[in-house]
Amino acid sequence: MMRGRLLGSLALVALVSGCSLLQPPPDRTPVEVEAAWPESPDSPVTAHRWERTDPTRTVYGQTQVIKSRDSDTFSDIARSYGLGYDELKHANPDVDPWLPGADTKIVLPTRFVLPEAKHEGIVLNIAAKRLFVFAEQTDEAPATVTSYPIGIGRVGWATPTGEAKVIAKAKDPAWYVPASVRAEHKAAGDPLPAVVPAGPDNPLGRHVLKLDMPGYLLHGTNQPYGVGMRVSHGCVRLYPEDIEVLYEGTPRGTPVSIVNQPVVAGWVDDQLWLTAYPLLEDDERTPAALLDEVLAYLADRHGTLFDEAGRQAVIDIIARADGIPVALQQSTWVVDRAIPVQNVAALPEDAPSREEVAELLEALMQESDDDSDSGAP
């Protein structure tokens, strides 16, 4: 399948060694934000669920932009718009995630290119830190695709790729703490019981889907501010509200495909879109000189579209790696127009303060740098 070959090739282009062209372009942006802010911005477009009236379509959603309030943080904004923390950071690299300030324009990367995989059941792209759920049409409902941000395995504890299926489900699960974790906490003066019962201290949250990959789960979390980051020991974490919906709609036996695709390509009305994500730090793929082959394929499909300027456009998109889909047209990329929408970012009633969230994330990042065998979920 030619599109599959393109995906495999593009996924390696970002790794081409010795290519001085793979530097983030300093003066180009794939998103256009209106200078004059409308008095009444539109309501936000969902970043979660879309009807699949055309099974060949592989690009969904719409890039949006909001104005931040003085009290906003990226963690609050991300959760309110169905995004993960890292997604906002990559899309807004010049904005302080903790103090964006009042009236700062924040791009919401809520347009998505589906990963290259069989579009059934659950598909995870760990490079994008997103999960996609494909529901077939029934007499009561149309075919849909739903997407959620996920937290994945930290460096040294990578979430594995491959094919799996859901073999068990549990509500309010107990966490049976591995002996290595108990020993580690005991040595640190913070002993843990052999079993952590359901409740606010349980890192599994309230819902668990068990895979037939031994030791790996899709589950909620009692630390939702880590969703969208590399914070686990291989398991996949979702926001509590997302795992609840996924749990209810996922029967045992559902197929699960886990892929690692830092560059994905999709088509809408014969328009090619590319999205590039940062390569995971521990991606072991060998760099390969596939750029010319990829561009030759693109030129073959689109005629004279990909001249030298088009080649540079592809390189720029891959180098930027901001998670924002870019349409390719006439030897360059087409700047995406972000829709100004209302800021509906909200905090749960029991949400920690900005300072507490910063401390929580700092602790999570420190744990991510620790390759010791803690066995945490």
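1. Basis. The model is predicted, so local features need pLDDT of at least 70 and side-chain atom pairs count only at pLDDT 80 or more, while totals for chains, interfaces and linings use all residues. Residues are numbered from 1 along each chain as its sequence is written, and side-chain values use heavy atoms, with hydrogens and water left out.

2. Aromatic pairs. There are 3 aromatic pairs in the structure. Rings of Phe, Tyr and Trp (its six-membered ring) pair if their centres lie within 6.5 Å. W50, Y60 and F112 are linked by ring pairs into a cluster.

3. Charges over rings. Y60 also has the charged end of R57 over its ring, 5.3 Å from the centre. At Y247, the charged end of K169 sits over the ring, 4.5 Å from its centre. The criterion is NZ of Lys or CZ of Arg within 6 Å of the ring centre and within 35 degrees of the ring normal.

4. The sheet. Four strands form an open sheet in the order β19-β20-β21-β22, with antiparallel pairing. Its edge strands, β19 (263–268) and β22 (332–334), each pair on one side only. Neighbouring strands are turned by 40° against each other on average, direction ignored. Strands (E, at least two residues) are DSSP runs, and two of them pair if DSSP finds at least two bridges between them.

5. Inside the sheet. β20 (residues 271–276) and β21 (residues 326–329) run antiparallel and are joined by 3 bridges. W273 stands opposite A327 in β21.

6. The packed helix. Helix α7 (residues 308–320; a helix is a DSSP run of H or I, at least four residues) packs on the sheet and touches β19, β20, β21 and β22. Contact means heavy atoms within 4.5 Å. The direction of α7 makes about 60° with that of β22; axes are lines fitted to C-alpha atoms, for helices over the stretch in contact, and angles run from 0 to 180 degrees between N-to-C directions.

Note on methods:
Phe/Tyr/Trp six-rings, centres within 6.5 Å; stacked < 30°, edge-to-face > 60°.
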